[in-house]
Amino acid sequence: SDRQLVVSAMRKAAEGRCRAVTAKQRRRTYGHAAALVAACAEVDGENGQRWAAAIRALYRRYPAFRRELDQRLGNIG
């Protein structure tokens, strides 16, 4: 469906942003990447929450980024 295509594109963009900000450790932009992940999680319901949890687990070595994710995801949980 069109909705699933849009959600998939949003996820791909968020994943790319997460990779970019963590690769260069651009801490000032962690919040932006976390906000994108939270937006994707919010629009996709339970599937989105599982996806966001997987993103959080993937970046377990970046505590500052995980704090941003926790803050953003806590607002929608």
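Trainee: How many positive and negative side chains does the protein chain have, and how far apart are the centres of the two sets?

Mentor: This is a predicted model. The protein chain carries 16 positive and 7 negative side chains, and the centres of the two sets lie 12 Å apart.

Trainee: OK. Which elements does the chain have, and in what order do they run?

Mentor: There are four helices and zero strands. From the N terminus on, the order is α-α-α-α.

Trainee: Does the radius of gyration agree with a compact globule, or disagree?

Mentor: It agrees, because a compact globule of 77 residues would have a radius of gyration near 11 Å and the protein chain has 12 Å. The C-alpha atoms fill a box of roughly 35 × 25 × 20 Å along the principal axes.

Trainee: What about the surface: how much of it belongs to carbon and sulfur atoms?

Mentor: The accessible surface is about 5,100 Å², and 49% of that belongs to carbon and sulfur atoms. As for the residues, 32% of the 77 are buried.

Trainee: Which residues touch the most other members of the largest nonpolar core?

Mentor: That core has 18 residues, and those touching the most other members are C18, V37, W51, I55, F65 and L69.

Trainee: And which helices supply this core?

Mentor: At least two residues come from each of α1, α2 (30-43), α3 (45-58) and α4 (63-74). The largest share is from α2, with seven residues.

Trainee: Let me pick one of those. What does F65 touch?

Mentor: Not counting residues up to four places away in sequence, F65 touches C18, T22, Y30, A33, A34 and Y59.

Trainee: T22 is on that list. Is T22 buried or exposed?

Mentor: T22 counts as buried because its relative accessibility is 3%, and the cut-off for buried is under 20%. T22 is found in helix α1, residues 2-23. Leaving aside neighbours within four places in sequence, T22 is in contact with Y30, Y59, Y62 and F65.

Trainee: What share of the contacts join residues at least 24 apart?

Mentor: Among contacts between residues at least 6 apart in sequence, the share is 62%.

Trainee: Changing topic, where does Q25 lie?

Mentor: Q25 lies in the loop between α1 and α2. Q25 has a positive phi of about 50 degrees, although Q25 is not a glycine.

Trainee: Why does Q25 count as exposed?

Mentor: Q25 counts as exposed because its relative accessibility is 52%, and exposed means over 50%.

How values were computed: Residues numbered from 1 in each chain as written. Predicted model: local features only at pLDDT ≥ 70, side-chain atom pairs only at ≥ 80, totals over all residues. Heavy atoms only, no water. Rg over C-alpha atoms; globule rule 2.2 N^0.38 Å. Buried < 20%, exposed > 50% of the residue type's maximum accessible area, 1.4 Å probe, protein only. Contact = heavy atoms within 4.5 Å. Areas by Shrake-Rupley, 256 points an atom, 1.4 Å probe, with all protein chains shown as cover. Lys, Arg positive; Asp, Glu negative; His and termini not counted. Charge placed at Lys NZ, Arg CZ, Asp CG, Glu CD. Core = buried A, V, L, I, M, F, W, Y, C linked by side-chain atoms within 4.5 Å.
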